[in-house]
Amino acid sequence: MLQTLLKRAAPAVLAPCAVVSLAAAAPAPQTAQVTIGNFTFGPAVLTVSPGATVTWLNGDDIPHTVVAADKRAFRSKVLDSGDSFAFTFTRPGSYAYFCSIHPHMTGKIVVKSR
Amino acid sequence: MAEAHRRRFLECLGWAGTGLVWTVSGGVSTAALLAAGEGLAAPRKPAIQPFTFVQVSDSHIGFNKDPNPDARATFREAVAKIRALPDKPAFILHTGDVSQLSKPEEFDDADQILREAGLPVFHVPGEHDMLDEREGQAFLERYGHGTLGDGWRSFDHNGVHFVGLVNVKDLKAGGMGHLGEPQLAWLKKDLAPLAASTPVVVYAHIPLWTIYREWGWGTDDSAQAMALLKRFGSVTVLNGHIHQVIQKTEGDVTFQTARSTAFPQPAPGQGRAPGPLKLPAGKLRAALGVRTLSVAPGAHPLSLADAALA
């Protein structure tokens, strides 16, 4: 029973990896997610290909924002619990960002061709 | 005439010639040489007259999650507590996070509830009050009358100097609270003419000392502000943000954080993250509250009392 559950769960767990490898194999638009929880961005560093759309989902019970460290590249509105924000990264580079409400919360999106 | 008698003589008669008068106020002894024509009846700085004032903080109007489904109701209870005080306070200081999401209706409700206290209110913003499209302009338009820059101000009341600082504006990645150079330059000018014996009360949202860096509970450039306040004999720093009473004394400076009226947060570093501390409904009100401060002449002119909602 447990093994069955694990087998069932496995594809879901591996899904982000599968998307990544597909994107590497073909130029289909890539998507990735960052989850906000316990005042942290997870994963803190996320690597994607150019053209990828990253979605941040606030799973915390307190509002957060997603703002590029340079405050120009991208900036979300305030995200209440359950709200999300998406941004498509077209140019390679390293994009540091933070929560402008709780600036000790930081993360980074690395955009590079594979 | 012995000096003690001479002093007493001066006090009793209000002698208005040239003389040396010792006063002790704000914890600092000062010898003031009175110029001719400047007698005791017209001191150079206002004497401290007793009064009380109230600090409320972190009302988070709009918050409706565990452990408080209705932050409006608990804020109303806090205001009822203020109304029930035996001595009518001179005013209220709200140390920020009036709202949860800077929505107009949240500010409207907060104002309506606070108006029931029937007292003047001085606000400084919290980071939750900077979430409108224009990053804090809504707060400033509503509460910033008579303020400078991003909403900082000072005023005097009965011999005490009050300074409201803003440390939630334009925060930097990886940082904590931030005052900024323009505000620090203004603070320097604002404090310059004051006698060191003047009691000073500084109020701001995020603590002006580092309580817990990992959670951002501090202000990056607070040391510069504290350096400007070092010469004063009595400095009281009132903050919110961390939703619990923590105090520290450093020389003549007393730092005090206040309870929220909406929800408590964990003690510094206890648990994985800050945020609403889940409590059973019956225990919530013991973790919320208001603070009353009393001012009276003497070596320690300010005293405070924190009262829980229940």
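The legends below describe close-up views of a predicted model. Residues are numbered from 1 along each chain as its sequence is written, and chains are lettered from A in the order in which they are written. Local features need pLDDT of at least 70 and side-chain atom pairs count only at pLDDT 80 or more, while totals for chains, interfaces and linings use all residues; side-chain values use heavy atoms, with hydrogens and water left out.

**View 1. The contact between chain B and chain A.** Chain B gives 27 residues to the contact and chain A gives 20, where contact means heavy atoms within 4.5 Å. The size of an interface is often given as the accessible area lost when the parts come together. Here the buried area is about 1,900 Å², and carbon and sulfur atoms give 61% of it. Buried area is the accessible area (1.4 Å probe) that two parts lose on being put together, summed over both.

**View 2. Salt bridges between the chains.** Side chains of opposite charge can pair when their charged atoms come close. A salt bridge is a side-chain nitrogen of Lys or Arg within 4 Å of a carboxyl oxygen of Asp or Glu. There are 5 salt bridges between chain B and chain A. One of them joins Lys77(A) to Glu133(B), at 3.7 Å from N to O. Lys71(A), Asp170(B) and Lys172(B) are linked in a network of salt bridges.

**View 3. Lys65(B) and Asp80(A).** These two residues form a salt bridge, with their closest N and O atoms 3.7 Å apart. The pair crosses between chains: Lys65(B) is in the loop between β3 (51-56) and α2 of chain B, and Asp80(A) is in the loop between β5 (67-68) and β6 (84-89) of chain A. Helices (H or I, at least four residues) and strands (E, at least two) are DSSP runs, numbered from the N terminus. Lys65(B) is partly exposed at 25% relative accessibility, whereas Asp80(A) is buried at 19%. Buried means under 20% relative accessible area, exposed over 50%, and partly exposed in between (1.4 Å probe, protein chains only).

**View 4. Arg285(B) and Glu77(B).** The closest N and O atoms of this salt bridge are 2.7 Å apart. Arg285(B) lies in the loop between α7 (281-284) and β12 (289-295) and Glu77(B) in helix α2 of chain B, so the pair ties together parts that are 208 residues apart in sequence. Arg285(B) is partly exposed, at 28% relative accessibility.

**View 5. The surroundings of Lys88(B).** Lys88(B) sits in the loop between α2 (71-83) and β4 (92-94) of chain B. Lys88(B) is exposed, with a relative accessible area of 65%. Leaving out residues up to four places away in sequence, Lys88(B) touches Thr52(B), Gly118(B) and Leu119(B).
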